[in-house]
Structures are given as C-alpha cells and as structure tokens.
Amino acid sequence: MSVDDVTVPHVRVVKLGAHIGARIDGVRLGGGLDALSVATLRAALDEHKVIFFQGQHHLSEDGQYAFAQLLGEPTSPHPTVTSAGAKSLAIDSRRTRSNVWHTDVTFVDRVPKASILRAVALPGYGGSTTWASTVAAYNALPEPLQRLAESLRARHTNRYDYAAEIEDRRVESENAYRSEFESTYFETEHPVVEVHPETGERALLLGCFVKEIVGVSSSESRALLRLFQDRITRLEHTTRWNWSLGDVAIWDNRATQHYAIDDYDSSEHRRLTRITLGGPVPVGVDGRASTVIAGDAERYAAPLARVA
C-alpha cells in the first residue's frame, strides 16, 4: 500500500531522498493518535524506511511508549543492557557511543521490526544520525551479486570486535557498558538477504554484529562483508538527520542500518530514548529462517514477535 492511499488531509509527508527518508508534518505523537493517521505513518515507514517528526516537545517516556503500542508490540529495552531504563533504552553518550554501522539487535533470532527514538538532551554541535537503506543497497547490486548474497548466511553476535571499525579509546563508563552488553552471549545465523515480512522487498541483513559469513574462510568472509557493507553505506543510499529537541525518528529496522556520528566533544552530552518493536524471525529468499546458535532471547522478544 502506498502512503498516497491512506494519507489524511492534515498529515504531510515530505520526501528527503530518492531511496530513504521522509519528514512527517501535522502529527502530534502519542497514545491517542487516530487510526487513519497511524495507518498513514505505517505506509510512510514502509515506503521511506525512516521517518522524522519535529516539535514533539509534549512527549514523555510514557507517551512515547503509548504511541509505540499503536505501531506494534514493544520489546523489553534490550536483551542484556537492563540498567539503562525500564520502558525505553537510554542512548547516552556518558555510557557509550554507537558510532558503527549496525541494524539493532541482530544477534538474537527475532530481529526487531522498528524503533522509535526521541531526543532528550543534545550537544551544542554534532551528534547527528545517518540511516542507510539496505533495500536500496540490495536493489543496486548487479544480478550476479544479488544471487551470491541470497545464497549466503552470516553469524551475528553481541561479542563483536569494535577494533575492526574504530579506534578503541573507551573510558571506564564505556567499559562498564560493554561488560553489561556482553554479559549474556548471543549468536544467531541469519540469511544475508532477508525477505521483508510486510513489503516483500529484499534487504541485506548485515552490520557490525556480523562475526562471519558461513562456509568461507575468514579472509573471504571479511571481503564479502566489506563488499556488501560498502554498497549499503554509499551516500546515495543514506539520509542524515541533525537533531533538535522535540525530534522523533522511527525507522524500519529490517530495511536499514544506522550510525550515530561521534563528532562532538566529551564535555557535550547527548541522550535519546529508544523504544523497540518486536518482529518475527527473518526468512531468506530460499524460505529458510534464522537459527539460534547460542542464547535465549525469549524474555526480550515481545509476545507479538513470537508469531511468525
């Protein structure tokens, strides 16, 4: 369904790029949002992969959670990080900075379907976030590379190697966060190409939690991961949002990766709250679902996520 099929008069969808991103005007987010407006937002999210709202200063954590329930079934904040919130996960620069390309929580079998992120405190400069369309990346691959990607599976884990992507310069608070993040070991094998359960589109399911591509050598695994990741993060497949207080972003976690840009000093504070919606187990083009190697995410996954 196109967003044009359900758009209501007071809601304006402003496209931000050919492949990803739209700003939504004329909506006051919260648990009381009407059903037609919710349907418009769902359609916009399916089409644009990440959607942005401005001026939502009225929204509290409870209001953000009530709104999230209109879009799906919220999960617990995180499979392992339990100290950063009860309803939402605090994305706080005083604890960690997620400046690597990733799709959220791909190390469990039921990859979340979407996330709602609200700005609470922002640095005086920098701190924007970039999203990339993994659907556009797949579509841009030459046909032989599409077929190769469809035949591959990758193992994802929460004990991944930051040093492969960024300089390791963690402070004590980041070491504590990392320890909590890795406190329970999870590993899941996913198809490299997932068939989106709602749109039917094909998307690359990769990111920084990938431990290895199955069935090839470690050097070949790194080469294949870089080949596909480079396609995902091409600038034409991305959109960048410069946060202001009152902003909210919602992204389709099954069709995107994102990167929080670490371009502000340690004296500056950045805090956002994230609520995540549960999704079903990914399925590849060949019909094979993801499989658990280690860990049980039953307590993390929402009841709705257990229904394929």
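These questions and answers cover salt bridges in a predicted model.

Visitor: How many salt bridges does the count come to?
Guide: A pair counts when a side-chain nitrogen of Lys or Arg lies within 4 Å of a carboxyl oxygen of Asp or Glu. By this rule, the count comes to 22 salt bridges.

Visitor: How many residues apart in sequence are the parts that Asp62 and Lys87 tie together?
Guide: The two side chains form a salt bridge, N to O, at 3.0 Å. Asp62 lies in helix H2, and Lys87 lies in the loop between H2 and strand E4. So the pair ties together parts whose separation in sequence is 25 residues.

Visitor: Is Asp62 buried, exposed or partly exposed?
Guide: Buried means under 20% relative accessible area, and exposed means over 50%. Asp62 has a relative accessible area of 48%. That makes Asp62 partly exposed.

Visitor: Which helix holds both Asp230 and Arg226?
Guide: Their side chains meet in a salt bridge at 3.0 Å, N to O. The two residues are four apart, about one turn of the helix. Both lie in residues 218-232, helix H6.

Visitor: Which strand does Arg240 lie in, given its pairing with Asp263?
Guide: The salt bridge between Arg240 and Asp263 spans 3.7 Å, N to O. Asp263 sits in the loop between strands E14 and E15, so the pair ties together parts 23 residues apart in sequence. Arg240 lies in residues 238-241, strand E12.

Visitor: Which residues are joined into one network?
Guide: Here salt bridges share partners. They join Arg153, Arg155, Glu187, Glu189, Lys211 and Arg288.

Terms used
Residues numbered from 1 in each chain as written. Predicted model: local features only at pLDDT ≥ 70, side-chain atom pairs only at ≥ 80, totals over all residues. Heavy atoms only, no water. Buried < 20%, exposed > 50% of the residue type's maximum accessible area, 1.4 Å probe, protein only.
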